[in-house]
Amino acid sequence: MRKPLLVLLALAAVVALVATAASAGTHKAKVTNVTLAGWSSGPDEDQLLNQVIAKFNATHKTIHATFSVINGDYATAMTARFAAHNPPDVFYVDSSVAPGWEAQGVVQPLNSYITKSKYDTSKFYPSLLRAFTVGKTVYGFPKDWSPLAMEISNAAMAKVHGKRPTTWAQLQALAQSMATQGAVPNGRPICLSADWARFLPFVFQNGASLGNITSPAATAAANFYVGLIQKGLAQTPDKLGAGWCGEALGKQTAAIAFEGNWLLPYMSSTYPQVKFGIYPMVKQKTGGNLGFTVSYSMAKDSKNKAAAWTLLSWLTSKTGQTLWMSKGLALPSRSDVKAVGGRQAFLAAAPYAHGWGFPNFSTAYTIMNNDMSAVITGSKTVEQMLADAANALRG
Amino acid sequence: MSAVASTSQPRSTMLGVRLREAGWGYAFVLVPMAVFGLFFIYPFAYMLYISFHNWGILGSQGSAGWSNYSQVIHDPIFHTALKNIAEYTIGVVPLEMALGLSLALIVNAKIHGKKFFRSAFYFPSIASSVAITTIALYLFNYNGLFNHVFGFHRAWFTDASTDTWAIVGLNAWTTSGTIMLWYLAALQSIPTDVYEAAALDNTSTWRTFWKITFPLLRPAHFFVLVVFGVGALKLFDQSYIASGGTGGPNYSLYNPVLYIFRAAFAGGAGNFGLAAAAGVIYFLIIFAVTIVQRLTVGRREAT
């Protein structure tokens, strides 16, 4: 009867000792937990980001950062968390939603932190940093970016003995010869989304802009884009058995796609057997492209702002970004960090890239894309679509 | 005196008993009412309050008067959403009622394996609508099994000309199991003597159904029409999933609930004032539809 009691007492003493030792340990080095949230662009990227964060944690003994992926509709999930005053400390902000969130006051201005820690912002490409700046207030640093490029299947190109198109006319001619020679037997030569995030570069290429979206130059761009579909040279991804044009290229139901740097890791992991060339976007009157960028920003409601700033500024520093670029999943947003090889077609777009986003974004973008699909099916005219877009942009 | 006293005594006890009973009654009602108040009345009142404000992610940014209401009422997208949901409801409700009634007649008949059929028909009703829609999107996409077997060339759920009808078909199938149960209960409550009388008159099965069974199911028709009609007006998940949350292509999958959701959340917009106003307007519309149903179908049912 006595023995078990003694054992129990001894055990209790050990537990108490360990507990005091452990709590003494935490008292010595107080660790601040910082949460980082973003969306996932695939297992490769998640793994890389976790490696980068592990490096941060190893070099910063007083801060422990954890990355949590928000699956599904990121902007919706974040809106709910802002409203509940329970946002992650540091998070991704897409350039398209940045103006809205900045105006709503949920993103922390960084100017005082920049001044206090003498953080050098001059290395960021100005056009990218501008996407997260209002007046002189900085709301985040671009973590990376990508413009669009033109990807063409090597097999289809070889079949028609084609060469890289540089103008609209050459692009159409190449697609025409692919169509007549049956280079894409199960689909169409070009994959075009009913999406202004793919159509806008053509507007810029024709010398038009969102400011004069109803101009003859913009109308001509829309006629060219939709015309490729109407001529049977292009099709939307859903009609090519794909969720997006990258998938259509992989399934070989299209030979030409206009996608960003994100296509490359996707293709090598999902369709490694499909070989394709990456070329700069076609030009018309001028070059035209979109720059898709995402920032690391801090929440205004963050409870650990000092630690959050340490994490944010480290991730976007030369050290942090060099690690982030090591696998070539995106392009550097800093001039002092080099991109991995094979990205010339993307880097060539830098001078022509317009930041992705516009006023009244979520409403306008919905109207633009719904109208675009209406134009493709013939239930709206190009002129109606552009007029609706101009209206929506005015808010 | 004594006589008065002797009669007043039981009366006051009766009153006491009644009061006590009422007290208990209210006590029992109190809990569900508190839940109802907390999760329905309070949020509804708060929604009314929000609808008159410019309400952002972090709360009110000032009073808005009627401007949110005016914006919703004049928004062509809201009009399209209403037109779409009307089309959908008019399409889906008769179809699911017909399907549910047919299934009920099958499982009510004297056949072998009744229990198996009953469970099989009910199964889609308990499966998650999100899972069912996702699977349907695969089966009915451009290169899906359906097109492969039947030789069509169409992405049924993402083509503006077929997507509403694809969702009508899908939802008629998933809800028919529940409707079957309601009709089954109603069928089993029809007294057998009316059928016996019909049998004596040598009435055909077809005539028996249309002259006896169908009219006697009137309370069930009304119930199903109201409950599933309102249910259809609240369509959201299937449209959200099939359109990727955009209501497209060409606004064909836009519906009022998606409109409310998008105003509040899409692209991190956080326009809760507008969303609340749209919610109030749509509540009034559904309320009016129910009243009309009550006054038309319901009145006939009562007589």
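This is a predicted model: local features need pLDDT of at least 70, side-chain atom pairs count only at pLDDT 80 or more; totals for chains, interfaces and linings use all residues.
Over all chains, the structure holds 9 salt bridges.

Side chains of opposite charge can pair when their charged atoms come close. Across the interface of chain A and chain B, the rule finds 1 salt bridge. The partners are B:Asp159 and A:Lys239, and their closest N and O atoms lie 4.0 Å apart. Since the definition asks for a nitrogen within 4 Å of a carboxyl oxygen, readers may like to keep that distance of 4.0 Å in mind when viewing the pair. Both residues sit in loops: B:Asp159 belongs to the loop between helix 6 (145–150) and helix 7 of chain B, while A:Lys239 belongs to the loop between strand 8 (234–235) and helix 11 (245–250) of chain A.

The size of an interface is often given as the accessible area lost when the parts come together. Here, chain A and chain B bury about 2,100 Å² between them, with 56% of that area on carbon and sulfur atoms. To this contact, chain A contributes 28 residues and chain B contributes 28 residues. Polar contacts between the two chains come to 12 residue pairs, counted where both residues have pLDDT 80 or more. On the side of chain A that touches chain B, the elements giving two or more residues are helix 3 (74–83), helix 4 (98–104) and helix 16 (361–377) of chain A. Helix 16 of chain A provides the largest share of this side, namely 8 residues. By class, the residues on this side of chain A comprise 10 nonpolar, 12 polar and 6 charged.

Attention now turns to the spaces in the model. Rolling a probe the size of a water molecule over the atoms shows where empty space is left. The second largest pocket contains about 1,100 Å³ of space. Its lining is made up of 40 residues, and those closest to the centre of the pocket are A:Asn360, A:Ser362, A:Thr363, A:Gly395 and B:Gln71. Two or more lining residues come from each of helix 4, helix 16 and helix 17 (382–394) of chain A, and likewise from helix 3 (76–108) and helix 12 (256–265) of chain B. The lining of the second largest pocket divides into 18 nonpolar, 17 polar and 5 charged residues.

Helix 12 of chain B, one of the elements in that lining, is also where B:Ile260 is placed. Not counting residues up to four places away in sequence, B:Ile260 touches B:Ala275, B:Ala278 and B:Gly279. Between the C-alpha atoms of B:Ile260 and B:Asn271, which are 11 residues apart along the chain, the separation is 9.5 Å.

As for cavities, the rule gives a count of 3 with 30 Å³ or more. The largest cavity holds about 60 Å³ of space. Residues of chain B line this cavity: B:Asn84, B:Ile85, B:Tyr88, B:Thr164, B:Ile167, B:Leu235, B:Ser239, B:Ser252, B:Leu253, B:Tyr254 and B:Asn255. Helix 3 and helix 7 (163–188) of chain B each supply at least two residues of the lining, and helix 3 of chain B has the largest share, 3 residues. The lining of the largest cavity consists of 6 nonpolar and 5 polar residues, with no charged ones.

The second largest cavity has a volume of about 40 Å³. Its lining is drawn from chain A and consists of A:Leu49, A:Val52, A:Lys143, A:Tyr296, A:Leu315, A:Thr316, A:Gly320, A:Gln321 and A:Trp324. Helix 2 (43–59) and helix 14 (318–324) of chain A are the elements that give two or more residues to this lining. Helix 14 of chain A gives the most, with 3 residues. In terms of class, the lining of the second largest cavity has 5 nonpolar, 3 polar and 1 charged residues.

Note on methods:
Residues are numbered from 1 along each chain as its sequence is written. Chains are lettered from A and ligands numbered from 1 in the order in which they are written. Side-chain values use heavy atoms; hydrogens and water are left out. Contact means heavy atoms within 4.5 Å. Buried area is the accessible area (1.4 Å probe) that two parts lose on being put together, summed over both. A salt bridge is a side-chain nitrogen of Lys or Arg within 4 Å of a carboxyl oxygen of Asp or Glu. A polar contact is a pair of N or O atoms within 3.5 Å; within protein, one must be able to donate a hydrogen and the other to accept it, and residues adjacent in sequence count only if both atoms are side-chain atoms. Helices (H or I, at least four residues) and strands (E, at least two) are DSSP runs, numbered from the N terminus. Ala, Val, Leu, Ile, Met, Phe, Trp, Tyr, Cys and Pro count as nonpolar, Asp, Glu, Lys and Arg as charged, and the others, Gly among them, as polar. On a 1 Å grid over the protein atoms alone, a cavity is a set of points where a 1.4 Å probe fits but cannot get out, and a pocket is an open set with protein on both sides within 12 Å along at least five of seven lines; lining residues have an atom within 4 Å of a point. Grid points are joined across faces, edges and corners, and a volume is the space filled by probe spheres set on the points.
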